Amino acid sequence: MMKRKIIIDCDPGHDDAIAILVAAAHPGLDLMAITTVAGNAELEQTTLNALKVCEIAGIGEVPVAPGAGRPLVRNREAAPAIHGSSGMDGPVLPEPSLRAAEEHAADLMIRKLMESEGDITLVPVGPLTNIALAIRREPRIVPKIQEIVLMGGGTFGNWTPAAEFNIWADAEAAQIVFESGAPVTMIGLDATHQALATPEINERIWALGNRVSDFVGELLLYFGRTYKQFFNFDHPPVHDVCSVVYCIDPVIFDCRFLNVAVETKGELSYGMTLVDIHGVTGRPPNMTAALGLDHGKLWDVIIGTLSRYGEGEG
């Protein structure tokens, strides 16, 4: 089976960490690089968190390249209420021996894409600043992008009543990506709020009994507490890994080809994604939007992939 080549752009982040782990271990994916952006925490911290995830999972051959430390236009804000001051509170991990690449994330994407045969998928699961920077620096990459499968947006918000955090964090960057002409798939809150780590799911993860699955279990314990405290969710949703699972098996998701625009001017609606489900604007569809998912099949993929980390242990 031909492996799907992907670059994950992330801001770890509890659910980012799970996305990296699944992307690195699934036999259907070829994780070519991990790039980091400021989002859930400052860039230095999100890069450190990505390196820690790679260290615990033995992902030593994949470059980790830091990128943008702030949005294109506006001042940045982090999400310590949800992810803690480190961006990945909960598990206690040692300082990694792995080191970040010196190449800027946008330059790494440009280089990989220009060297490619148009077979690389970008999987941004944080603010879209790095993707927008790459497109601005080198517009010739656009026809080289097989697909952009992003986590963000939706028909409602979670950081404001209107806006999901990743889009809100840099709506100008999202607008550049959405209007780039590259094939875009938006895995937004409509789908990811169905990706709940229920007690049964947690039991299955802990039952795997390997070092990486224990790490994921600890991530979900912390994430579950903050989601209960701030959003009154009984079970936490694992947003970012959904974009990786889409790259593995898109049939798991209920998707429609729709017009989606980003609000960058509104005082109260900044960062809102206007998903034209009923075609009321008359604007032509410009991207695929996930509106739901199959919970059981999603977790079968995630847990099945995490089980691979236990092979050879003992």
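Predicted model: local features only at pLDDT ≥ 70, side-chain atom pairs only at ≥ 80, totals over all residues.
User: How do you know which residues line the largest cavity?

Analyst: A lining residue needs an atom within 4 Å of a cavity point. For the largest cavity 20 residues line it, and Asn 40, His 83, Asn 158, Phe 165 and His 239 lie nearest its centre. Two or more lining residues come from each of α1 (14–25), α3 (80–83), α6 (165–169) and α10 (211–231). The largest share, three residues, is from α10. By class, the lining divides into ten nonpolar, five polar and five charged residues.

User: And what lines the second largest cavity?

Analyst: That one holds about 30 Å³. Its lining is Ala 38, Pro 71, Arg 74, Asn 75, Arg 76, Glu 77, Trp 168 and Ala 169. Arg and Glu count as charged, and the lining has three charged residues, alongside four nonpolar and one polar.

User: Why are β3 and β7 called edge strands?

Analyst: The open sheet has eight strands in the order β3-β2-β1-β4-β5-β6-β10-β7, with mixed pairing. β3 (64–66) and β7 (253–258) each have a single partner strand, so one side of each has no neighbour in the sheet. On average, neighbouring strands are turned by 25° against each other, ignoring direction.

User: How do you know that β2 and β3 pair?

Analyst: Pairing takes at least two bridges, and three join β2 (residues 29–36) to β3, so they pair, and they run parallel. Ile 34 stands opposite Val 64 in β3. On this sheet packs α1, touching β1 (4–10) and β2, and its direction makes about 160° with that of β1.

User: What makes the peptide bond between Pro 12 and Gly 13 stand out?

Analyst: Most peptide bonds are trans. The one joining Pro 12 and Gly 13 is cis, with omega about -15°. Gly 13 sits in the loop between β1 and α1.

User: Why is Asn 232 called exposed, and what is its phi?

Analyst: Exposed means over 50% relative accessible area; Asn 232 is at 55%, so it counts as exposed. Its phi is positive, about 60°, although Asn 232 is not a glycine. Asn 232 lies in the loop between α10 and α11 (241–248).

Note on methods: Residues numbered from 1 in each chain as written. Heavy atoms only, no water. 1 Å grid on protein atoms, 1.4 Å probe; cavity = no way out; pocket = protein on both sides within 12 Å on 5 of 7 lines; lining within 4 Å. Helix = DSSP H or I, 4+ residues; strand = E, 2+ residues; numbered from the N terminus. Points joined across faces, edges and corners; volume = space filled by probe spheres on them. Axes fitted to C-alpha atoms, helices over the stretch in contact; angles between N-to-C directions. Contact = heavy atoms within 4.5 Å. Buried < 20%, exposed > 50% of the residue type's maximum accessible area, 1.4 Å probe, protein only.
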